[in-house]
Amino acid sequence: MPHEAEAGFVMGFRSMTVLATIGRPLRKALEDREFQINIVRLAMQSAAALAILLACRALIIYNEWTEWSSIDVNYVYLAKTTVHSAKQDALVLTALTLAAFLLVRSLGRWAIAIHLIWLFPVVLVAAINVRVTALFGEPATAGLLRFAGLADPRALGTIIGYADPKDLLLIAGGVIVLSAVSVVAGIVIRHSRFGEMATVACSVIALAALAAISVLPAGVSGVDGRRHANAFARLAQSWFTPDPLSASETMAVRSVDPFSAMPSREKPITTLAAAQRAQTVRNVIVVVMESVGGHYLDLLGRPETAPNLAALLRSGAYFPNAYAHAPSSSMSLFAILSGMYPPVAYETMPDMAPDLPLPTIMSELGSRGFRTGTFFSAGWDYAGYTEFLRYQGVEKIETALNRRMCNPGESHKDPSLVHAADFASTSDECTASSMMHWIGKSSDPFVALLWTNRTHYPYHAGSDAESSSTIRDMRARYEDGIRATDRLIANMVSRLRERGFLDDTLIVVLGDHGEGFGQHGATVHGHHIYDEFIRVPLILINPRLFAGAVRQDVVGQIDVAPTILDAMGLRAPAAWHGLSLFGPIIRERTFFAVPWSSVFMGYRSGTMKVDYEVTSRKVEIFDLRIDPDERRSVSALYSPNQVKHAVDRLWSWKNIVGDRYSVMQAAHK
């Protein structure tokens, strides 16, 4: 007999021996009544979990088709697409069911409880991801939780704010159904012969369905591939995936200077010389409009969205090509105050080192005798910012969590609290009123920051638009919020004029980041660097300094702090990355990044915009002059060396910025 045949015969004989050895106790176990009941309960628990996961997946696909594509839904095709996209769900449930099956003989009912405990997080994460996927375009990951600050227990209000009553109902329903099915199956199989037969049949069908879905092809037409992933598996995997930002081949790249500057081709925004500006500006108010992007507040193309700001532009200067450096409020606050790029990391610098002695407009002006105050409509008790502002010497740090009045003697507890879903926020009118009260308490010069919240998702506060979560209704509420913010700023300017503060106060109005409404398959913000997420309006207002200048230069939030100091005749600290907008020199490029599950870095120079997805190494280059909506990448028009140089520039920026913070942190220790 040939050696190969002999080896095969021996292996086959051994396999049959093993199967016979396993088969005898298995047959004996199947004759055990309690064992039979436990197996059926396992199958029914898996069936219930599969039904819940399929329902969640169907809702995700339905939302995509109806809200982003506005197509008529064929429900038969929806069911087919849902099943075909659930391969990973079935594989996860099959693995958990088999693992529990192996425990049943030794643990009995405890194996049922263990299986149920395993299923709970799978079902909960799937239910939560119905909302997460609708907002961010893909399932939740560890990067999202860290980047959005949702891993911080202090962000509980934000988490609740993102929830919709339907989401909470889905989550509660999933938990109840999963628990009830196991109990009911056990009762029925014990006390009803017909129920036993029906329950066993359902169990067989459930296990067959799991097996069938597990072997289906994963690709589905009409469904984004990122949505095929099982939500729990993707979240768990993301905690252990190597950080693409620390790849060894990119950490050493510092070959391109990211801070090169060039003369501006635009006219100066004021005719006053530096000495005259310094005599004019005595106070500063920075108004940050939450989630207001340049796509929606456009004083040149759509002045009707903010008619009061359009009128104030007669005594202002407008920068329509200003950029946030991340679609994140916490990172934008850091850039606005510090004049420095936020580090490209999952956490903000204040969260990593709130006591780091960084120069900011608050510390620079506070040390010169200015009163300093920050007024937030929302809570802002996360990402280390309360501690950071205290270390910066800010005298007045007021948020929705500690605000006591709108006007003297008027409690905010009742009339100024807005929609319950707006994150424990007080109304913007209340916040502005409180700031004006603080301003009027002294004649000393001041620098104040006012941060609104009405235009934050879900945009409910005071809106007459429908409260549904369709793209159309959400955008209607959002634009209602922009108009309300516009009226708020006009009222603030009127009050400053009445009190004699306006002529010697520089008012800076800008967005912290933009917002998406399905333009690139996602809503809200925090997950990409397309223009709707990061281009923001920037307006400077002062009747003595400006006369309606419009400057098309590409600028960033890092330029705000140097501009404020320059307006007062003060030199910006050498550590700052930004440049004064009063000067004739601008940076050649403005950079931005999203350190999330799919990490993006990019920059804009003139009308060219580069978007680089670090995870997949995909490069998109857009010519915004002919493609302002970023629909057609022209990267194919560039040589491989040109594309590589653009990517090297991004890594140089990321690494050089990180080096500066590392040196600061080392010196601070």
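# A chat about a predicted model

Q: Hi! Where does Ser332 lie?
A: Ser332 lies in helix H14. Keep in mind that we are looking at a predicted model.

Q: Okay! Is Ser332 buried or exposed?
A: Ser332 is buried, because its relative accessible area is 1% and anything under 20% counts as buried.

Q: Which residues is Ser332 in contact with, if I skip its neighbours within four places in sequence?
A: With those set aside, Ser332 is in contact with Ala324, Ala326, Asp512 and Gln557.

Q: How far apart are Ser332 and Gln557 in sequence and in space?
A: In sequence, Ser332 and Gln557 are 225 residues apart. In space, their C-alpha atoms are 7.3 Å apart.

Q: And Asp512? What does the side chain of Ser332 reach there?
A: The Ser332 side chain reaches the backbone oxygen of Asp512, at a distance of 2.5 Å.

Q: What comes just after H14?
A: Just after H14 you find Gly339, which takes a positive phi of about 70°.

Q: New topic: sheets. In what order do the strands of the open sheet E14-E17 come?
A: The order is E14-E15-E16-E17, four strands in an open sheet with antiparallel pairing. Strands E14 (590–594) and E17 (618–623) stand at the edges with a single partner strand each, so one side of each has no neighbour in the sheet. From one strand to the next, the twist averages 15°.

Q: How many bridges join E14 to E15?
A: Five bridges join E14 to E15, and these two strands run antiparallel. Strand E15 covers residues 600–605.

Q: Which residue in E15 stands opposite Phe591?
A: That is Tyr603. Tyr603 also stands opposite Val610 in E16.

Q: So what joins E15 to E16?
A: Six bridges join E15 to E16, which covers residues 608–613, and the two strands run antiparallel. They form a hairpin with two residues between the strands, and in this hairpin Gly606 takes a positive phi near 65°.

Q: Is E15 mostly covered or exposed?
A: Strand E15 is mostly covered, with six of its six residues buried. Phe600, Gly602 and Arg604 point one way from the strand, while Met601, Tyr603 and Ser605 point the other way, and all are buried.

Q: Where do Glu479 and Arg475 sit relative to each other?
A: They are four residues apart in helix H19 (residues 471–498), so about one helical turn separates them. Glu479 is buried, with a relative accessible area of 15%, whereas Arg475 counts as partly exposed at 29%.

Q: Which residue does Lys644 form a salt bridge with?
A: Lys644 forms a salt bridge with Asp648, and their closest N and O atoms are 2.8 Å apart. Both lie in helix H22 (residues 640–668), four residues apart, so they are separated by about one helical turn. Asp648 is buried, with a relative accessible area of 15%.

Q: What about Glu588 and Arg589?
A: Glu588 forms a salt bridge with Arg589, with the closest N and O atoms 4.0 Å apart. Glu588 counts as partly exposed at 25% relative accessibility, and Arg589 is buried, with a relative accessible area of 14%.

Q: Which residues are linked in a network of salt bridges?
A: Asp531, Arg535, Lys609, Asp611 and Glu630 are linked in such a network.

Q: Last topic: which residues does UniProt list for "transmembrane region"?
A: The unreviewed UniProt entry lists residues 6–26, 47–65, 85–104, 116–137, 168–188 and 200–220.

Q: What does the chain look like over residues 85–104?
A: Over residues 85–104, the chain in the model is 90% helix and 0% strand.

Notes:
Residues numbered from 1 in each chain as written. Predicted model: local features only at pLDDT ≥ 70, side-chain atom pairs only at ≥ 80, totals over all residues. Heavy atoms only, no water. Pairing = 2+ DSSP bridges. Axes fitted to C-alpha atoms, helices over the stretch in contact; angles between N-to-C directions. UniProt positions renumbered as here; feature names shortened; annotations may be inferred. Buried < 20%, exposed > 50% of the residue type's maximum accessible area, 1.4 Å probe, protein only. Salt bridge = Lys/Arg side-chain N within 4 Å of Asp/Glu carboxyl O. Contact = heavy atoms within 4.5 Å. Polar contact = N/O pair within 3.5 Å; in protein donor to acceptor, adjacent residues only side chain to side chain.
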